[in-house]
Amino acid sequence: MAGAFWEKVYEPLIRRSAGLGRAADTADPDHYEKTNAFCDVLVIGGGAAGLSAALAAGRAGARVILCDEDFRLGGRLLAERDEIDGQPALDWLKAAEAELMSLPDCRILRRTTVFGVYDGGTYAAIERVNDHVPVPPEHAPRQRLWRIVAKQSVVCAGAIERPLLFGDNDRPGVMLAGAVRSYVNRYGAAPGRHAVVFADNDAAFRTATDLADAGIAVNALIDARRDPSPAAQAAAESARAPYFSGAAVTSVRGALGIKSVLITDMNGQNQQFDCDVLAMSGGWSPTLNLTTHLGGKPAWDNGLSALVPGDLPPGMSVAGAAAGKFSLDACLASGEGAGAEAARNCGYSPSAPARPVAKEEAATPASPLWQVEKSRGKAFVDFQNDVTVSDVKLATREGFRVPEHVKRYTTLGMATDQGKTSNLNGAAVIAGLTGRYIGAVGTTTFRPPYTPVAIAALVGHHRGPDFRPTRLTPSHAFAKERNAVFVEAGAWLRALYFPQAGEAPQDTVNREVATVRSKVGVCDVSTLGKIDVQGTDAGTFLDRVYANTFSTLAVGKARYGMMLREDGFAMDDGTTARLAEDHYFMTTTTANAVKVMQHLEFCQQVLWPELDVQTVSATEQWAQYAVAGPKAREVIAALLDSGQDISNEAFPYMAAGSFTVCGGTKARLYRLSFSGELAYEIGVPARFGDALIRAIIEAGAPHGIVPYGTEALGVMRIEKGHAAGPEVSGQTTAHDLGLGKMVSKKKDFIGRFMGERPALTEIERASMVGLRPVDKDTRIRAGAHLVPKDADATASNDQAMSPPWPTRRSSEAGSRWRCSPAGRSATAK
Amino acid sequence: MEEFTYRGDATVTRPESLDASATDAWVDYVYLRDNPAGPHKEHWHHSAGCHAWLVVTRDTRTHEILAVEFAREGS
């Protein structure tokens with residue numbers, strides 16, 4: 001009951017009040033796509049520094065990609081009233097953008113955030129192509145994932161302003177000073193009617209000037225620094241507002257929106273100022289996240305009171321505010337320098353810069369306040385996860401002194417913004433509480449992605465059936481015409497069975513099996529891996545990769561082979577035919593085709609490069625069909641061009657050879673049986689696969705031929721006692737599968753030595769057995785348990801794998817090696 | 001699908017002896033691997049390309065690729 005109450009009442013209540021939202025329960029309706037790009041210089045961020053860097057690199061002839069997360073280039077230039085070369089900065093911005101667009105090899109990606117840095121100069125970026133429209137145009141993606149490989153990158157990601165920590169700093173109307181300037185200067189929107197500015201740095205007091213010029217009353221400038229700042233005083237004069245240094249906002253009035261603030265000046269006197277907007281600023285933190293994605297640690301810069309980039313990934317440089325260069329002139333200069341240097345590192349020769357100049361403001365050093373010690377109300381550190389100064393205090397009282405630990409105790413910095421505004425403030429509070437220097441407290445590790453990225457964007461078009469390519473067999477069209485039910489076998493679609501009208505699946509399979517046993521059937525086995533092995537040492541090579549011997553195989557014969565892994569367990573099986581003295585044709589299971597090919601290449605190139613042997617995958621070159629049943633010879637004979645003999649004498653069991661069929665088409669014929677019936681496998685070049693299956697059906701019609709699927713194939717191989725995928729599970733040995741006699745004692749081969757370990761050969765190991773049902777009407781299902789007759793159906797009576805099974809034997813034998821009789825019950829039929 | 005497939009340590013050598021005294025060497029070869037911090041030789045397969053096995057020298061601390069040779073010619 002308590003559980004239900006929790007699930008039905010408390011948890012929904014808590015989730016709702018925490019604003020956790022609901023997970024979507026429908027598939028993402030939008031399209032996403034992925035693309036790749038290459039460049040010499042990737043410039044990350046399109047503000048003053050980034051534009052300068054892109055121009056410097058692009059003018060030198062470098063291939064440049066410039067990414068900016070905004071829909072407009074310019075960064076803070078858009079939100080400030082700066083001048084460059086004595087002209088409004090926006091004029092320079094316009095010219096710079098036009099010049100970049102005129103460069104032949106400069107690509108500008110707007111609405112694009114570079115969110116991750118990876119090995120080898122690889123960068124991931126997300127382009128929000130259509131997030132700004134309600135419904136993306138038809139066939140247009142919502143977002144596009146970029147994988148950009150760049151020789152050099154210049155991070156000009158700017159900086160993020162920090163809030164100040166004082167009581168009720170989350171009241172509507174309290175906002176960052178930079179945001180207030182964006183409203184006023186960029187969007188021409190008034191954030192309020194009368195404002196107060198509270199900050200500890202000169203840049204923020206420009207807000208007062210901008211507000212006053214826009215006609216918004218400024219009621220007070222509160223400077224946390226003890227010594228008055230000339231720049232801030234000038235701003236106060238222009239806004240005709242009182243200026244207080246060494247003061248702080250200690251109380252915010254107004255429940256639903258700010259109405260006034262109470263300030264405490266340096267003499268401890270309180271004063272109240274009406275306002276409906278409070279612009280605050282605790283300084284700026286360089287956006288250095290990308291510099292740390294490969295393990296670099298940021299460094300604490302005491303002069304700037306900020307973390308700045310430390311060791312950089314290869315090929316990366318940082319410019320502008322991201323490097324702690326906060327003035328506009330420093331942004332322009334460092335961007336220009338980094339862009340030119342990046343181009344130089346790519347082999348270009350940038351000309352001597354004629355860079356634009358901005359007026360350098362004489363600034364009073366920022367002296368971070370971090371937090372107002374005595375103020376009323378909750379002082380939020382992490383606005384997204386509702387973590388307050390008192391939460392951090394509690395954490396330190398509980399003994400958490402490291403940011404990583406405080407983070408996990410309080411969830412500080414764990415919201416989707418990943419602490420972009422709160423991490424450093426949190427570290428400052430911890431430093432104050434634990435009596436340490438903030439640089440010694442450290443910070444948490446920034447990891448990709450820099451910004452939240454939809455899983456769908458990472459997936460792109462690889463969804464549902466498009467998750468990977470679907471491979472179709474040569475007889476696919478034929479099988480579809482015959483209403484085949486298909487099954488996925490790896491990447492392949494294979495016919496599972498061919499139902500006739502009104503037939504239940506089990507009846508279909510029974511009919512297909514019965515027809516093969518009594519007449520003849522045909523099954524597409526083209527999905528088996530086929531590997532051509534040629535060379536004078538081909539026989540020696542196969543002796544070393546198979547547990548049994550192939551060098552003694554006569555030309556024109558095929559042999560079943562078992563391949564082991566080097567640890568002695570069975571890896572794969574199949575038949576390999578010798579077509580000529582130095583030419584073998586190997587088949588593998590469908591599932592392991594790629595793995596075996598890679599394994600053979602490893603053996604050939606790494607283990608025994610001295611052998612004269614070459615291997616190549618021919619899986620897709622040959623269409624291959626098994627024709628099985630008492631009438632199989634008649635069907636094959638009808639296909640062969642005249643004068644070719646496949647009588648039992650001329651073409652006995654396990655024979656292999658080249659023939660021509662259907663009027664000169666080359667074909668390979670193998671007399672193999674997976675079903676126990678008289679059977680052939682016939683292969684033709686894949687382009688004739690569709691024609692051949694139709695020719696087989698036509699030739700077999702007088703004998704009542706049916707196509708059969710993998711289900712009937714499985715039934716017949718079980719009846720025959722052939723091991724297959726469920727038994728060759730990676731946990732069984734050749735001995736377990738009843739194939740111990742095949743394993744050669746005369747030669748070295750992959751898996752020979754380890755396969756002879758006592759635990760892998762001991763008699764008590766599980767072994768594959770066949771089951772013959774007494775009661776033929778009761779179906780034995782895959783995974784069924786076997787218990788002795790009349791015994792209780794308990795785990796201890798289970799004859800196959802169940803929890804107590806390995807323990808009993810292991811404790812007796814003291815064996816370290818365990819095995820699993822996988823498929824024992826699956827084999828039963 | 002990625003262009004290369006990683007296999008692992010390229011410094012181990014397959015023992016030639018099938019004698020019982022070679023057990024330790026075989027266990028070493030099949031199961032035991034060093035985990036060095038620094039340059040390390042590894043086998044990579046150019047599986048979506050030319051199918052060559054490569055010996056890649058990679059710094060395990062930085063993932064920097066220091067050298068690439070064909071395995072066929074390497075040893």
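Mentor: Start with pairing: two strands pair if DSSP finds at least two bridges between them. Keep in mind that this is a predicted model.

Trainee: Why is β26(A) called largely enclosed?

Mentor: A residue is buried if 20 or more other C-beta atoms lie within 10 Å of its own. In β26(A), residues 492-497, six of the six residues are buried, so the strand is largely enclosed by the rest of the structure.

Trainee: Why is T665(A) called partly exposed?

Mentor: T665(A) has 17 C-beta neighbours inside 10 Å. Buried needs 20 or more and exposed needs 12 or fewer, so T665(A) is placed in between, as partly exposed. T665(A) belongs to strand β35 (residues 665-670) of chain A.

Trainee: Which residues does T665(A) contact, leaving aside neighbours within four places in sequence?

Mentor: The contacts of T665(A) are T660(A), V684(A) and F688(A). As for A591(A), 74 residues away from T665(A) in sequence, the C-alpha to C-alpha distance is 29 Å.

Trainee: Which residues of helix α19(A) are buried?

Mentor: Helix α19 covers residues 710-720 of chain A, and its buried residues are T710(A), E711(A), A712(A), L713(A), G714(A), M716(A) and I718(A). Just after the helix, G721(A) takes a positive phi of about 90°.

Trainee: What makes β14(A) and β16(A) edge strands?

Mentor: The three strands form an open antiparallel sheet in the order β14-β15-β16 (chain A). β14 (248-253) and β16 (270-274) each pair on one side only, and they are the edge strands. From one strand to the next, the twist averages 25°.

Trainee: How many bridges join β15(A) to β16(A)?

Mentor: Five bridges join strand β15 (residues 260-264) of chain A to β16(A), and the two run antiparallel. One partner pair is S260(A) with D274(A) in β16(A).

Trainee: How is chain A divided into domains?

Mentor: Domain 1 is 27-160 + 286-365 + 445-467, domain 2 is 163-282, domain 3 is 476-527 + 621-719 and domain 4 is 529-617. The centres of domain 3 and domain 4 of chain A, taken over C-alpha atoms, are 25 Å apart. Domain 3 gives 11 residues to their contact and domain 4 gives 10 residues.

Trainee: Which residues touch the most other members of the largest nonpolar core?

Mentor: This core has 134 residues, and those touching the most other members are V41(A), A57(A), V197(A), L221(A), I222(A) and L278(A).

Trainee: How do you know that this core lies between domain 1 and domain 2 of chain A?

Mentor: Both domains give residues to the core, so it lies between them. Beyond four places in sequence, L278(A) touches residues including G173(A), V174(A), F198(A) and V261(A). Apart from this core lies another of 81 residues, among them A538(A), Y546(A), Y584(A) and V627(A).

Trainee: How does the radius of gyration of chain A stand against that of a compact globule?

Mentor: Chain A has 38 Å, whereas a compact globule of 829 residues would have a value near 28 Å. The C-alpha atoms of chain A fill a box of roughly 115 × 70 × 55 Å along the principal axes. Its secondary structure comes to 23 helices and 37 strands, and 47% of its 829 residues count as buried.

Trainee: What can be said of chain B in these terms?

Mentor: Buried residues make up 13% of the 75 residues in chain B. Chain B has two helices and four strands, which run β-α-β-β-β-α from the N terminus on.

Note on methods:
Residues numbered from 1 in each chain as written. Chains lettered and ligands numbered in written order. Predicted model: local features only at pLDDT ≥ 70, side-chain atom pairs only at ≥ 80, totals over all residues. Axes fitted to C-alpha atoms, helices over the stretch in contact; angles between N-to-C directions. Contact = placed C-beta atoms within 7 Å. Core = buried A, V, L, I, M, F, W, Y, C linked by C-beta atoms within 7 Å. Domains from an automatic or database assignment. Rg over C-alpha atoms; globule rule 2.2 N^0.38 Å.
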